[in-house]
Amino acid sequence: MTERQLELRDNYQRVLETIENAKAKRTVNTDREVVLLAATKTVPAEEITFLAEHCGLRLCGENHAQEFAAKYDAVTAAGARMDFIGHLQTNKVKVVAGRAGLIHSVDSVRLAEEIDRKCAKLGVRQGILIEVNIGMEEAKSGIAPDEFGRFMEEISAFPSLDVRGMMTMAPKCTENEEFRKYFHESCRIFLDFFAKKTHNIGEPVLSMGMSDSYACAVEEGSTMVRVGSAIFGSRKYT
């Protein structure tokens, strides 16, 4: 292995260990596994395929449609699923729909309708998560927390959509306790809806927590964390 590959392997294993330690501290969703999604924005495809082929990585997520398309064949051939985790414009739906395992960022009926329309043409159902703006930040996308139940029921009517759960991104915080209040509230909303038996989702997904907060998110009930820099190191975004 190269020095870079050793670094990636060690970082990946360290994140997995941190997740396991955090799971032991959970008081909700205690029987649920936690899925690690590697956030691979700007990461070369060869680094992702190395983790998939040699370290057990099974899930990664891209933020931009063009980058998703450029890496898709190589990453999926290596055995990893690709999700789409960024803000998705309706004119980019055709690049992602029917290929992403999950689209994490559905936050409008218009976007849901376009995904449904594209997938109906392809003859497939698309797994999606509803994005909730838990901090009510103007600069971030996502529906208001108190709109979750209504929005879930509205877009569940689209026949080519498979609503699998909820995604949220906490505001920028400096302390775990700050993150914790947002994650605790997100999990409450999630459980309030999915504890009901009016849906047929076997294992609903609660995707929350990133490199600066994933351990805290797991402790508060997250079933999927999106970790980038803790695996790949700091990256420069353009």
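Student: Which residue stands opposite Ile 128 in S5?
Tutor: Ile 103 does. Note that this is a predicted model.

Student: What makes S4 and S5 a pair?
Tutor: A pair needs at least two bridges. S4 (residues 102–106) and S5 have 3 bridges, in the parallel sense. Therefore they count as paired.

Student: How does the chain get from S4 to S5?
Tutor: It crosses through helix H5 (residues 109–122). This β-α-β crossover is right-handed.

Student: What joins S5 to S6?
Tutor: There are 7 bridges between S5 and S6 (residues 161–168), and these strands run parallel. Val 132 has Thr 168 in S6 as its bridge partner. From S5 the chain passes through helix H6 (residues 148–155) to S6, again as a right-handed β-α-β crossover.

Student: Why is the pair of Phe 68 and Tyr 72 called tilted?
Tutor: The ring centres are 5.5 Å apart, and rings pair within 6.5 Å. The planes meet at 35°. Stacked needs under 30 degrees and edge-to-face over 60, so 35° makes the pair tilted. Both residues lie in helix H3, 4 residues apart, and both are buried.

Student: Why is the pair of Phe 148 and Phe 193 called edge-to-face?
Tutor: Their centres lie 5.7 Å apart, with planes at 90°. That angle is over 60 degrees, so the pair is edge-to-face. Phe 148 lies in H6 and Phe 193 in H7, so the pair ties together parts 45 residues apart in sequence.

Student: What lies over the face of Tyr 72?
Tutor: Arg 99, at 4.3 Å from the ring centre. The distance limit is within 6 Å.

Note on methods. Residues are numbered from 1 along each chain as its sequence is written. This is a predicted model: local features need pLDDT of at least 70, side-chain atom pairs count only at pLDDT 80 or more; totals for chains, interfaces and linings use all residues. Side-chain values use heavy atoms; hydrogens and water are left out. Helices (H or I, at least four residues) and strands (E, at least two) are DSSP runs, numbered from the N terminus. A crossover is right-handed if, with the strands pointing away from the viewer, the path from the first strand over the helix to the second runs clockwise. Rings of Phe, Tyr and Trp (its six-membered ring) pair if their centres lie within 6.5 Å; planes under 30 degrees apart count as stacked, over 60 as edge-to-face and the rest as tilted. Buried means under 20% relative accessible area, exposed over 50%, partly exposed in between (1.4 Å probe, protein chains only). A charge sits over a ring if NZ of Lys or CZ of Arg is within 6 Å of the ring centre and within 35 degrees of the ring normal.
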